[in-house]
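The following exercises ask the reader to work through a structure step by step. Please examine the sequence and the structure before reading each solution.

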Amino acid sequence: MNALYQCRDLTQRYEGRAVLHLPELNIARGEVLALTGPNGAGKSTLLRLLAFLEEPASGELHFHGTPGRAPRQEVTLLLQEPYLLKTSVFENVVYGLRVRGRRHDLREAAEAAMLAVGFAPEREMLRRPWKALSGGEKQRVALAARLILRPLVLLLDEPTSSVDAASAKAIEAAVRQAALAGTTVVAASHDLAWLACLDARRLELDRSS
């Protein structure tokens, strides 16, 4: 297996309490992995570790066979309650490209990313302010802001828990398309039907993992 992530005896503790213990996990490049299990089983913790937002308390976490952090531009995490900049949809979607120094073809890239998450490629939506968006629209805009970067790894933490059915379907289609294009996807969700649509390998965590 061409392992992108290799985890061995991975443990995380908060205030001395173990919240995750994973004896072994390999995630192949281009794989889609679904994380399931009850609240408190460590799904969100594992995603933060895979995003290199936290250091594990113990154990090994290798990326491309090397311990330590992945390049920031290669891994992105979409949270259940996404944070948007207090500006237009367009500026939210292209923010990551601007940070990386890109100055050309931003409009075309934004329109393509918005189309990927189910919005028609028209400019009125890109001009809308962040505060005018519904919950489902905010989640889709946040996903577009990540897809526009063409990340190697897309991590999703309950991406459809607070959205309407149409937005959940649009997010599913966008994630499936990203996976088909070769993006490694790890998604945590209580929505087993939604996860089943991703045709993912399933890893069930429990509080004694």
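**Exercise 1.** Is Cys 7 buried or exposed?

*Solution.* The model is a predicted one. Step 1: the relative accessible area of Cys 7 is 0%. Step 2: a residue counts as buried under 20%, so Cys 7 is buried. Step 3: Cys 197, by contrast, has a relative accessible area of 30% and is therefore partly exposed. Step 4: a disulfide is a covalent bond between the sulfur atoms of two cysteines. A search of the whole structure finds zero disulfides.

**Exercise 2.** Describe the surroundings of Leu 25.

*Solution.* Step 1: Leu 25 lies in strand S2, which covers residues 17-28. Step 2: its relative accessibility is 3%, so Leu 25 is buried. Step 3: apart from neighbours within four places in sequence, Leu 25 is in contact with several residues, among them Tyr 5, Cys 7, Leu 33, Leu 46 and Leu 203. Step 4: Ala 3 is 22 residues from Leu 25 along the chain, and their C-alpha atoms are separated by 9.6 Å.

**Exercise 3.** How are helices H2 and H3 oriented to each other?

*Solution.* Step 1: two packed helices are described by the angle and the distance between their axes. Step 2: the axes of H2 (residues 89-99) and H3 (residues 106-116) come within 10 Å and cross at roughly 110°. Step 3: angles of 65 to 115 degrees count as roughly perpendicular, and H2 and H3 are therefore roughly perpendicular to each other. Step 4: the crossing is right-handed. Step 5: residues of H2 including Phe 90, Val 94 and Leu 97 meet residues of H3 including Leu 106, Ala 110 and Met 114. By class, this contact of H2 with H3 has ten nonpolar, no polar and two charged residues.

Notes
Residues are numbered from 1 along each chain as its sequence is written. This is a predicted model: local features need pLDDT of at least 70, side-chain atom pairs count only at pLDDT 80 or more; totals for chains, interfaces and linings use all residues. Side-chain values use heavy atoms; hydrogens and water are left out. Axes are lines fitted to C-alpha atoms, for helices over the stretch in contact, and angles run from 0 to 180 degrees between N-to-C directions. Helices (H or I, at least four residues) and strands (E, at least two) are DSSP runs, numbered from the N terminus. Angles under 35 degrees count as roughly parallel, over 145 as roughly antiparallel, 65 to 115 as roughly perpendicular and the rest as oblique. A crossing is left-handed if the near helix is turned anticlockwise from the far one by less than a right angle, and right-handed if clockwise. Contact means heavy atoms within 4.5 Å. Ala, Val, Leu, Ile, Met, Phe, Trp, Tyr, Cys and Pro count as nonpolar, Asp, Glu, Lys and Arg as charged, and the others, Gly among them, as polar. A disulfide is a pair of cysteine sulfur atoms within 2.5 Å. Buried means under 20% relative accessible area, exposed over 50%, partly exposed in between (1.4 Å probe, protein chains only).
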